[in-house]
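Below are my notes on the two-chain model you sent.

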Amino acid sequence: MIVDKIKKRGPSPRKQVNNVDIQVGKWVSCTNCKEILYKEDLKNNSNICPNCGAYFRMHINRRIESIIDEGTYKRFNLNIDNINPLKLEDYPQKIDKLRQKTSLEEAVACGTGKIEGENVVICVMDSGFLMGSMGTVVGEKITYAVEKAIKLKYPLIIFTVSGGARMQEGIMSLMQMAKTTEAISRLNKAGLLYISVLTDPTYGGVTASFASLADIILAEPKAMIGFAGKRVIEQTIGESLPEGFQTAEFLLEHGFIDKIVERKELKHTLYKLIKLNK
Amino acid sequence: MLEQKKGDNGEAIAKSMLKMAELKVPVIAIVIGEGSSGGALAISLGNKIFMLENAVYSILSPEGYASILWKDASKAKEAAEKMKITAKDLYDLKIIDKIIKEPEGDFDKLANNIKKEIINSIKELKKLSPKEIVEQRYNKYRQMGEYKKLDFKEKK
Ligand SMILES: [Zn+2]
């Protein structure tokens, strides 16, 4: 819900880089160390700057490649589109353009796959698609995936990156928070394992629903996680907030998340957690 | 506010919704004024949702909405018209179950109207078993969102 606040945050010394995982061109510059990087090198290094170690955001396909055993990912064929509930003039075109640019259907992809041989239902969000915002399609896909996990009795893994609820679909987006939460409550009742992995940035209605409701909440280092943006909170309460507020490290210290895991360790960590909870 | 200094309220909203989703007793939520964003949602996961005739319920204040979507908070009026926030809008979107009439200047009559709806709802929901109450609430939110078929092939 604070999409613009995130955009306005501007450059900062933290090691998370606001670079989107761009598909075109061969070179990209690291916003942290300014080094010009060959994309192939970046790709082979889990989208981590080989020079300074800064994390780049990840395209859904690349994230799935890095987590799911090769050739085992099977996407759910939902093939749904939103109906533009607020009848905004430019919204459908905006979505169309994004689909061409990102070659993604929407801001989340869900399916089944294996992690070191273990079956899972996995959902991955993408910041390149309207800042990973949750509209009706994202809400439906997440809910569908949760229901599938219950049906298949598979653990559920969700990678989040989001600016929050999608403004363009108004109140219908807000309701997706309730819808996905209802689904998680069923998953809990079924006694299945749910692990969320919060990546930079995870905000708004996604933080305030399924992202915070996992049995185990992991985060990538230095990820920014919150509900409202730091500046908005400071203005509202009229006080300044502590150093490091809304970083994964700060949230770990205060018990809101369970563990910070390096990107290259994520797959094996997920495997170990699944094994442990079997 | 102190808690906000540690983790802000996202988790609190999520946990509140989750608790409401688990409740085995009927929940009736009534929007009586301005309901907005996660805070309103956090305490309104109901088997029945009503709105007073002149209440509004929105994803965000129109000012906030205009500043995010159009980078211009002064377009709040335009935003309010676009956002579908009135009781009638939410009824048409099938988010709320009923609009409660607000007879002008007559608070006793309004209170009576609200009371009547609460009693009717309890009577109706009392017929359900605890399990059915949880299911009815699930199905209510499950169907929120309307879709059309998508013609698009994801490239690898
Ligand atoms: Zn770098």
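1. Start with Ile114(B). Leaving aside neighbours within four places in sequence, Ile114(B) is in contact with Ile30(B), Leu52(B) and Ile100(B), where contact means heavy atoms within 4.5 Å. The residue sits in helix α6 (residues 107–125) of chain B; helices are DSSP runs of H or I with at least four residues, strands are runs of E with at least two, and both are numbered from the N terminus. Ile114(B) counts as buried at 17% relative accessibility. Buried means under 20% relative accessible area, exposed over 50% and partly exposed in between, with a 1.4 Å probe and protein chains only. Between the C-alpha atoms of Ile114(B) and Lys149(B), 35 residues apart along the chain, the separation is 40 Å.

2. On conventions: this is a predicted model, in which local features need pLDDT of at least 70 and side-chain atom pairs count only at pLDDT 80 or more, while totals for chains, interfaces and linings use all residues. Residues are numbered from 1 along each chain as its sequence is written, chains are lettered from A and ligands numbered from 1 in the order in which they are written, and side-chain values use heavy atoms, with hydrogens and water left out.

3. The interface. Chain B places 52 residues in contact with 68 residues of chain A. The two chains bury about 5,700 Å² between them, 65% of it on carbon and sulfur atoms; buried area is the accessible area (1.4 Å probe) that two parts lose on being put together, summed over both. There are 12 residue pairs in polar contact between the chains, both residues at pLDDT 80 or more. A polar contact is a pair of N or O atoms within 3.5 Å; within protein, one must be able to donate a hydrogen and the other to accept it, and residues adjacent in sequence count only if both atoms are side-chain atoms.

4. Composition of the chain B side. The elements giving two or more residues to the side that touches chain A are α1 (10–22), α2 (37–42), β4 (56–58), α3 (62–69), α7 (130–142) and β6 (147–149) of chain B. The largest share, nine residues, comes from α1(B). This side divides into 24 nonpolar, nine polar and 19 charged residues. Here Ala, Val, Leu, Ile, Met, Phe, Trp, Tyr, Cys and Pro count as nonpolar, Asp, Glu, Lys and Arg as charged, and the others, Gly among them, as polar.

5. The rule finds two salt bridges between chain B and chain A, the criterion being a side-chain nitrogen of Lys or Arg within 4 Å of a carboxyl oxygen of Asp or Glu. Glu140(A) forms a salt bridge with Arg142(B), with the closest N and O atoms 2.9 Å apart. Strand β4 (residues 80–82) of chain A also pairs with β6(B), antiparallel, over three bridges; two strands pair if DSSP finds at least two bridges between them. Ile80(A) has Lys149(B) as its bridge partner in β6(B).

6. Strands around β6(A). In strand β6 (residues 118–125) of chain A, seven of the eight residues are buried. Eight bridges join β6(A) to β5(A) in the antiparallel sense, and Gly111(A) stands opposite Ile122(A). These two strands form a hairpin with two residues between them, and Glu116(A) in the turn has a positive phi of about 45°. β6(A) also pairs with strand β7 (residues 156–162) of chain A, parallel, over four bridges. There, Val124(A) has Phe159(A) as its bridge partner.

7. Gln246(A). This residue lies in the loop between α8 (230–237) and α9 (248–253) of chain A and is buried, with a relative accessible area of 1%. Its side chain makes a polar contact of 2.8 Å with that of Tyr203(A). A polar atom of the Gln246(A) side chain also lies 2.8 Å from the backbone oxygen of Ala228(A). Residues that Gln246(A) touches include Phe227(A), Leu251(A) and, from the other chain, Asp8(B).

8. Backbone geometry to check. Most residues other than glycine have a negative phi, and most peptide bonds are trans. Ser103(A) has a phi near 50° and is buried at 7% relative accessible area. Ser37(B), in helix α2 of chain B, has a phi near 60°. The peptide bond from Asp200(A) to Pro201(A) is cis, with omega near -15°; Pro201(A) lies in strand β8 (residues 194–202) of chain A.
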